[in-house]
Amino acid sequence: MRVAQARLTREEKKAQTRARLLDAAEVVFARRGFVAASLDEVAEEAGLTKGAVYSNFDSKEDLFQAVLDDRYNAQTMRIADLVDQSASFTEQAAEGARLLLD
């Protein structure tokens, strides 16, 4: 028996594509470095077309910045989850700063 899957909305598909591109770009930039990496390589790593890259990002610099922002924001959210919410604001700030620096 086949289970029907809900169709993704256009926004959900775009978000998935963007996430695949960010993951692929992180791999390519780590492997080749920013200068040597190409958007063709990122698209190939993601299993997408170069057009998909340009429909989500204006340039290689824009993609690189998006990877940095995405990874920094993800790390920041993990830190927020680790900080003791029952502590005072000052203690939370100190613990968050320590975790960020670690």
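Reply: The buried residues of α2 pack against α1 (10-36), α3 (50-56) and α4 (60-82), where contact means heavy atoms within 4.5 Å and helices are DSSP runs of H or I with at least four residues, numbered from the N terminus. This is a predicted model, in which local features need pLDDT of at least 70 and side-chain atom pairs count only at pLDDT 80 or more, while totals for chains, interfaces and linings use all residues. Residues are numbered from 1 along each chain as its sequence is written, and side-chain values use heavy atoms, with hydrogens and water left out.

Helix α2 itself spans residues 39-46, and its buried members are L39, V42, A43 and A46; buried means under 20% relative accessible area, exposed over 50%, and partly exposed in between, with a 1.4 Å probe and protein chains only. Seen down the axis of α2, these buried residues fall within an arc of 95 degrees, so they line one face of the helix, the arc being that of the directions from the helix axis to the C-beta atoms. After α2 comes G47, which has a positive phi, near 75 degrees.

A salt bridge is counted when a side-chain nitrogen of Lys or Arg is within 4 Å of a carboxyl oxygen of Asp or Glu, and a search of the whole structure finds six of them. One of these joins E45 to R31, with the closest N and O atoms 3.4 Å apart; E45 lies in helix α2 and R31 in helix α1, so this pair ties together parts that are 14 residues apart in sequence. E45 is partly exposed, at 38% relative accessibility.

Another salt bridge links D40 with K50, the closest N and O atoms being 3.7 Å apart. Because D40 belongs to helix α2 and K50 to helix α3, the pair connects parts that are ten residues apart in sequence. Both partners are partly exposed, D40 with a relative accessible area of 44% and K50 with 37%.

R71 counts as partly exposed at 22% relative accessibility, as does E26 with a relative accessible area of 37%. The two residues also belong to a network of salt bridges that links D23, E26, D70 and R71.

How values were computed
Helices (H or I, at least four residues) and strands (E, at least two) are DSSP runs, numbered from the N terminus.
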